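Trainee: I would like to go through this model and check the wording used for it. Please set each term against its definition.

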Amino acid sequence: MNHAEVLAAFDRESRREAVAAGPDTEIERDGDVVRQVGPEDGWNGVLWSGLRGDGQDADAAIAAQVRYFGALGRPFEWKLYGHDRPADLGSRLLSAGFTPEPAETLMVARAAGIPDTPAPDGVRLVPVTDQAGVELVADVHEAAFGAGRVHIRQALLAQLAAGTVVAVVAMAGDVPISAARMDLPTGTRFAGLWGGGTVPEWRGRGVYRALVAYRAREAVARGYEYLQVDASDQSHPILLRLGFAELTTTTPYVHP
């Protein structure tokens, strides 16, 4: 895999030419900025910016987005990638009142190249297709991340209805122990892996690897060439062993 070519394709297909993820989401282009505007409890923010390398247009572009989302009364995120320009865009966002969250690593792999990894003994992987499955995912996320059940439930149900997601839950007997989803954006070769969370007592046993392999098979079946992950420090070494490549970093800058 040519890293520079794949990164350029990701920028073009998943950021600059992004397509709305659902009926309640819009992609808007404001000069050299591409932003996503979703429901109040959804993801709102800047996906891509084509700002000048000398930074002469950066502060005005940042101020325009602050005004826009401020008029909507919504917090938003400027998703900054390590190769974005100008080089000091992060410090400019800080000066404009943004707060950075922990940086992650953008990792990509060819979906067909992910090794088939079975679930560990005593664990079965169950597709999520209905309200009951969504409740199991919410149980896992609350135990793994402390995430709010209401938002997870509403967002995943909407995605399932729109056909823009594959979700799976790992069960040990009747107990949900891990869950993950794969976003299926249109107009791109990149399927996105998100939400891979495992309850503490089951970590380190290969459940996460099995969930990645499951989603890779589903991606290939749906015609996606690549898997994309914003990898945390915990998932990063696992993904490297599965064949993912590091392309750049990504840092969420959040404005209140």
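Trainee: Where is the place of proline 86?

Mentor: Proline 86 is in the loop between strand 4 and helix 3. Helices (H or I, at least four residues) and strands (E, at least two) are DSSP runs, numbered from the N terminus. This is a predicted model, in which local features need pLDDT of at least 70 and side-chain atom pairs count only at pLDDT 80 or more, while totals for chains, interfaces and linings use all residues. Residues are numbered from 1 along each chain as its sequence is written, and side-chain values use heavy atoms, with hydrogens and water left out.

Trainee: What is the peptide bond from arginine 85 to proline 86?

Mentor: That bond is cis, with omega near 0°.

Trainee: Why does asparagine 44 count as buried?

Mentor: Buried means under 20% relative accessible area, exposed over 50%, and partly exposed in between (1.4 Å probe, protein chains only). Asparagine 44 has 4% relative accessibility, so it counts as buried. The residue is found in the loop between strand 2 (33–37) and strand 3 (45–49).

Trainee: What does asparagine 44 touch?

Mentor: Contact means heavy atoms within 4.5 Å. Not counting residues up to four places away in sequence, asparagine 44 touches several residues, including Gln36, Phe69, Arg74 and Phe76.

Trainee: Which residues form the aromatic cluster?

Mentor: Tyr68, Phe69, Phe76, Trp78 and Phe98 form one aromatic cluster. Rings of Phe, Tyr and Trp (its six-membered ring) pair if their centres lie within 6.5 Å; planes under 30 degrees apart count as stacked, over 60 as edge-to-face and the rest as tilted. The structure holds 7 aromatic pairs. Phenylalanine 69 and phenylalanine 76 are 4.4 Å apart centre to centre with 15° between the planes, and this pair is stacked.

Trainee: Why is the pair of phenylalanine 76 and phenylalanine 98 called edge-to-face?

Mentor: Their ring centres are 5.3 Å apart and their planes stand at 85°, so the pair is edge-to-face. Phenylalanine 76 lies in strand 4 (residues 76–81) and phenylalanine 98 in the loop between helix 3 (89–95) and strand 5 (99–100), so the pair ties together parts that are 22 residues apart in sequence. Phenylalanine 76 and phenylalanine 98 are both buried.

Trainee: What lies over the face of tyrosine 68?

Mentor: Arginine 35 does, at 3.5 Å from the ring centre. A charge sits over a ring if NZ of Lys or CZ of Arg is within 6 Å of the ring centre and within 35 degrees of the ring normal. Likewise, the charged end of arginine 205 sits over the ring of tryptophan 202, 4.2 Å from its centre.

Trainee: Why is strand 8 said to be largely enclosed by the rest of the structure?

Mentor: 8 of the 8 residues of strand 8 (residues 165–172) are buried, so the strand is largely enclosed. Val165, Ala167, Val169 and Met171 point one way, Val166, Val168, Ala170 and Ala172 the other way.

Trainee: How many bridges join strand 8 to strand 9?

Mentor: Strand 8 and strand 9 (residues 175–183) run antiparallel and are joined by 8 bridges. Two strands pair if DSSP finds at least two bridges between them. Strand 7 (residues 123–128) also pairs with strand 8 in the antiparallel sense, over 6 bridges. Strand 8 and strand 9 form a hairpin with 2 residues between them, and glycine 173 in the turn has a positive phi of about 70°.
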